Structure formats: structure tokens, C-alpha cells
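User: I'm new to reading protein models, and I'd like to know where the labels come from. Can we go through this one together?

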Amino acid sequence: MHELELSKAFTLMEPGPVVLVTTHDGKHDNIMTISWTMVMDFTPVFAITTGEWNHSFAALQKNRECVIAIPTVDLLDKVVGIGTCSGADTDKFPRFALTPVQARLVRPPLIKECLANIECKVIDIVEKHNIVVLEGLAAYIDTARQETRTVHAVGDGTFIVDGRKIDRKKMMASKLPPGI
């Protein structure tokens with residue numbers, strides 16, 4: 001074993017997949033790229049990490065709703081582009097040729113080009129750690145989509161693409177919720 005610089009330790013544990021989060025501030029839709037996500041339980045409750053540095057954060061605080069859109073590897077350049085510009089001065093839907101789709105339960109739109117979308121409401125904001133806790137309200141998946149591989153950020157500007165799935169559902173059956 002060789003010692004790793006402590007400031008790089010997070011690259012060993014980065015979660016995934018990278019997601020796009022849409023918000024609406026009362027006037028405009030916006031999209032932000034988020035690489036720090038977490039499933040908190042099966043109900044479903046999720047968490048993302050963001051804060052004042054993101055233009056969308058004020059909309060999350062004020063309107064307390066969003067959509068988590070799950071892009072695939074073919075959208076990676078758009079995902080990175082979205083994450084490297086600000087919604088304060090950029091209308092990201094037309095700039096990145098993405099199609100907003102009316103959500104059923106929240107004002108922020110789904111993203112048509114993404115593999116899946118989850119409508120969410122904010123149920124808590126843990127300011128000390130910049131964690132936004134979200135409750136999933138409705139979920140959608142594009143089962144006709146050819147590309148289904150998601151991407152995971154390493155944290156240093158590189159990404160890992162999902163690969164082969166390994167099935168252990170029978171071994172884990174006692175720990176999974178019914179119907180999974």
C-alpha cells in the first residue's frame with residue numbers, strides 16, 4: 001500500500017450516478033449537475049449535496065421541489081457543460097438541446113432525453129453539510145431507450161461508466177422491499 005494524499009480520499013468513494021436536477025424559481029426552469037447523491041431509504045428518500053454556490057439552490061429553498069433526471073453516458077458532454085455554466089445567465093434547456101417535459105406533481109420539468117426522472121419535494125435541508133433531503137413523489141423510466149449506462153464522477157474530472165450487471169437478488173431477498 002502507498003499513502004494517498006488525504007485531500008484525494010473522496011475520489012475512492014464518490015457515489016453515483018451523476019444526475020441532473022431541474023428546478024423552477026417562479027419564472028424560469030433551470031438544470032444543475034449533481035455528482036453527490038445518496039439513496040437514504042426505500043420509501044424513497046434521496047439526498048443531494050448543493051448550496052449557495054449553485055443558482056438552483058435558492059429555488060430549492062423557496063419552492064421546495066425538483067426533478068432528479070438520470071442521464072446516460074451518451075449525454076456526458078451535456079452533463080459536464082451544464083455543470084460548468086450558471087443558470088443565472090444561461091438558459092440551459094435550449095443551450096444543451098434538452099427537452100423539458102411537464103411533470104405531473106411538481107413545477108420543475110422532467111428531461112425527455114434522460115433515462116429516468118423522479119419528481120421530488122424537499123423535506124429537509126441540512127445547512128451545516130449542504131445536504132438537501134428529497135422525497136420521491138413519482139418516477140418515470142424510458143424503457144425504449146437503447147443506451148442505459150449511467151456515469152459516475154470520480155471527482156477529479158474523470159468518470160466511470162456502468163458496466164455489466166451482476167444479479168444477487170436471491171441472496172439479498174430478505175433485505176429488499178417487496179416487489180423489487
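Analyst: Helices (H or I, at least four residues) and strands (E, at least two) are DSSP runs, numbered from the N terminus, and two strands pair if DSSP finds at least two bridges between them. Here seven strands make an open sheet in the order 2-1-5-8-9-4-3, with antiparallel pairing. One caution: this is a predicted model, where local features need pLDDT of at least 70 and side-chain atom pairs count only at pLDDT 80 or more, while totals for chains, interfaces and linings use all residues. Residues are numbered from 1 along each chain as its sequence is written, and side-chain values use heavy atoms, leaving out hydrogens and water.

User: What makes strand 2 and strand 3 stand at the edges?

Analyst: Each has a single partner strand, so one side of each is left without a neighbour in the sheet.

User: How do you know that strand 1 and strand 2 pair?

Analyst: Count the bridges: there are six, in the antiparallel sense, and the definition asks for at least two, so they pair. Within that pair, Val21 stands opposite Met32.

User: And what do strand 3 and strand 4 form?

Analyst: A hairpin, with three residues between them. Strand 3 covers residues 37-41 and pairs with strand 4 over four antiparallel bridges. Thr37 stands opposite Ile48 there.

User: Why is Thr90 called buried?

Analyst: Buried means under 20% relative accessible area, exposed over 50%, and partly exposed in between (1.4 Å probe, protein chains only). Thr90 has 13% relative accessibility, so it counts as buried. You'll find Thr90 in the loop between helix 2 (76-83) and helix 3 (92-95).

User: Which residues does Thr90 touch, not counting those up to four places away in sequence?

Analyst: Asn30, Cys85 and Arg95. Touching is contact, meaning heavy atoms within 4.5 Å.

User: What makes a set of residues a nonpolar core?

Analyst: They must be buried Ala, Val, Leu, Ile, Met, Phe, Trp, Tyr or Cys residues joined through side-chain atoms within 4.5 Å. The largest such core here has 18 residues, and Val21, Ile48 and Leu60 are among those with the most contacts inside it. Strand 8 (116-126) is one of the elements giving two or more residues; with five, strand 8 gives the most.

User: Which residues is Val21 in contact with, leaving aside neighbours within four places?

Analyst: The list includes Asn30, Met32, Ile48 and Cys66. There's also a second, separate core of 16 residues, which includes Val18, Leu20, Ile31 and Val151.
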